[in-house]
Amino acid sequence: MKLKKLKSQKNPSLKKPKKEVKEKPPKPLSESAKAKKQYYVNPKEFTEELQNYYSTNIITDNLALMIRNIAYGLAHAPNFINYTFKEEAIGDSLINMFSALKEKKYKFDKGFNPFSYFNSIAFNCWRSRIKKEKRMRDTLAAYQEEVYSVIGPQVGVEDPTNPLNKNAN
């Protein structure tokens, strides 16, 4: 029992010295994190710029830059970053957002966030571009299948499913 009491008593002279905590250097940002910082749009500033445009009909450089940042920021989102037709989708979204801006399609009296409205325009452009590219890819694959199935027997191949079996004649 005495041994337990000795261990449980705290002796200030037996305390271990505290180790100094070294600050680690910050990790380098990932590509998507860099894009988030680079293409960030503050929704409150965007709302102010949009209200300014609606009252003056002049698109300021800052408003145009914010719309561009919405399009490019969405292009760097993880679900869109690896598409080969990224530039076409960005162009589609820029055209649609500027046409919505010019026609003043966003209504402030509805009470929604204009940033989310323009972001959804860009998102829908991405979805439609993906559908168009898929349709084009499927059409091309069907055409290639049709053409290559016709060409197969004419080039000396008896069995188009196994082109290694050539005519022995």
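The model is predicted, so local features need pLDDT of at least 70, side-chain atom pairs count only at pLDDT 80 or more, and totals for chains, interfaces and linings use all residues. Residues are numbered from 1 along each chain as its sequence is written, and side-chain values use heavy atoms, with hydrogens and water left out.

Start with α3, residues 43-56, and α4, residues 61-75. Helices here are DSSP runs (H or I, at least four residues), numbered from the N terminus. The two pack at an angle of about 130°, with axes 10 Å apart. Axes are lines fitted to C-alpha atoms over the stretch in contact, and angles run from 0 to 180 degrees between N-to-C directions. That makes α3 oblique to α4; oblique is what remains after under 35 degrees (roughly parallel), over 145 (roughly antiparallel) and 65 to 115 (roughly perpendicular).

Which residues of α3 meet α4? They are Glu45, Phe46, Glu49, Leu50 and Tyr53, and they meet Asn62, Leu63, Met66, Ile67 and Ile70. Contact means heavy atoms within 4.5 Å.

Next, α4 and α5 pack at about 145°, with axes 9 Å apart. Among the residues in this contact are Leu63 and Ile67 of α4, and Ile90 and Leu94 of α5.

Last, α5 itself, residues 86-102. Its 17 residues reach 24 Å from first C-alpha to last, close to the 24 Å expected, where the expected span is 1.5 Å times one less than the number of residues. After α5 comes lysine 104, with a positive phi near 55°.
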